[in-house]
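Hello,

Here is the structure we talked about. Please look at it first and then read the notes below.

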Amino acid sequence: MNKDDKVIVVGAGVFGLSIALHLAREGFSDVTIFDSKPYDRSLYEQERGCDAASADVNKILRASYGEKAEYQRLAYSAREEWKQWNAGKHLELAATPPSQRPAGLGSTDEFYTECGLMRLPGSTDDPLSTDELAGLANLEKQFPEHRLKNYIIDDPTERLRAIADGWQETLDSVDWKGTGVLDATAGFVRADKSCIWLAHLSRKAGVHFIQGEISGKVVQFLEEKEANAEEHHVRGVKTADGATHAAQLVIVACGGWTPSLVPDTRNLLETTAGSIVSLNLPPRGERPDLWERFSGARWPVISRSTNKEARTREIYSLPHINGVIKIGYRATKESSGLNLCFSHLIFLQFTNYVDLPDGSRISVPVTAYTTPSQTNVPLIALQAAKDYIRYHFPQLVPFGISFTRLCWYTDSIDNDFLIDYVPGYGKSLFVASGGSGHGFKFAPILGAHVLDALYGRETDLTKLWQWRPVPQGKRNGLEEGEQGPRVLSKQKMATRDDWKFN
């Protein structure tokens, strides 16, 4: 790699932005981000036409990763950078003329709020999962100071320590009668504001942006293959307006759209959807008590696992942002009628299979802004969210649900990222995807570790994220394909009438 090479990054979400920023800071002088969404105008706001996973209000920041100690270390490293972002933004904006400040980012906006995370099992009768216990053991080994801030809430000694550290109000507010862990080193980040900030820093570092449905949408790679050569080489991209853009390196980081653009990834990645259900609080003037109670200053992130061995927390909620509480759901239910227990939820993430022009059939995003479109979520997801609301937010039941949507991720075969050169293209095509629903928290530092992969430096992370063989048997659901139970066309979708609580 030469630092004067032309580099194209496809995707202006968190992966693409972080990579472009770190490339520019490394000294690469000709980096351009392409994206079909005009984020410079829509500001990563869902209601303004954005449908990427990064275009969200908030995301969880946690370092609970069970046996995967690498991510635990990475998360705590990122956490320190988020804190620096909070401090650095205020200084930078104060020194920047108002006309040059990034639109959509206020001087009082915080990127990271350390409100705590309550990690709870499926029911009050369930013990801590083996994955939870493994995560706590890893904390003890790697970060004993942080283990002291992860309190097992039914352990009298640890509960007293939490209260002494100032967390009694949180424990009392959530009022959970079983076991669980209160993680005082976790919280949430502002996704939309963070993307605006990354884009601002990238532009300052010299990154170029081409955005929009016509000029920013990459539809094809410019490939060439020399006679008798085994490898293809990507020499740039073609956009929807017919324009061609040359580059020595193309990095694809377009989330749920990655398998559509890079067919070679389809055995390793699958586009899947979680369900988002939102509640609107009454206006602050009418119910200031609710705005205060469920704010990040007083209310934690809550996640409920769906079975005793769960490696992912599949139903969760975050404190309100501007009066909106977000609940996320990444599981389907065997049966209905469940109220307070989530122990038996199985199957993960929905899929949407369609025919592509090349004759293949894969899962692709369907959102409020695609054709065809979808604004509803599966009824089983809505029912689970309503049960969750009845238990954790009973005060809000009278107000009903205000908004639903599908959030499209890219799951890998093992929930590890896929960050590597695509085999068969030399050093001309690189992919950074497979966020598997847990990538956003690494925004400030991810690009630095991607540079390791680009340069071929072997680290514990590049080994974890490298291109890998497709295993036999279970592959995080990818082995099911369209025959499995998670396909959207097999689900009964909720309607607005279902938003009401009976």
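Which residues does Trp82 touch, not counting residues up to four places away in sequence? They are Leu61, Phe111, Tyr112, Val189, Ser194, Phe440, Lys441, Ala443 and Pro444, where contact means heavy atoms within 4.5 Å.

This is a predicted model, in which local features need pLDDT of at least 70 and side-chain atom pairs count only at pLDDT 80 or more, while totals for chains, interfaces and linings use all residues. Residues are numbered from 1 along each chain as its sequence is written, and side-chain values use heavy atoms, with hydrogens and water left out.

Trp82 is also listed with Ile419 and Phe430 as having the most contacts inside the largest nonpolar core, which has 70 residues. Such a core is a set of buried Ala, Val, Leu, Ile, Met, Phe, Trp, Tyr and Cys residues joined through side-chain atoms within 4.5 Å; buried means under 20% relative accessible area (1.4 Å probe, protein chains only). Apart from it lies another core of 44 residues, including Tyr329 and Phe501. Of the 502 residues in the protein, 58% are buried.

The protein has 13 helices and 22 strands (DSSP runs, H or I of at least four residues for helices and E of at least two for strands, numbered from the N terminus). Strand S11 (residues 233-239) is joined to S12 by 3 bridges, and Gly236 has Ala246 in S12 as its bridge partner.

Regards

Conventions:
Buried means under 20% relative accessible area, exposed over 50%, partly exposed in between (1.4 Å probe, protein chains only). Two strands pair if DSSP finds at least two bridges between them.
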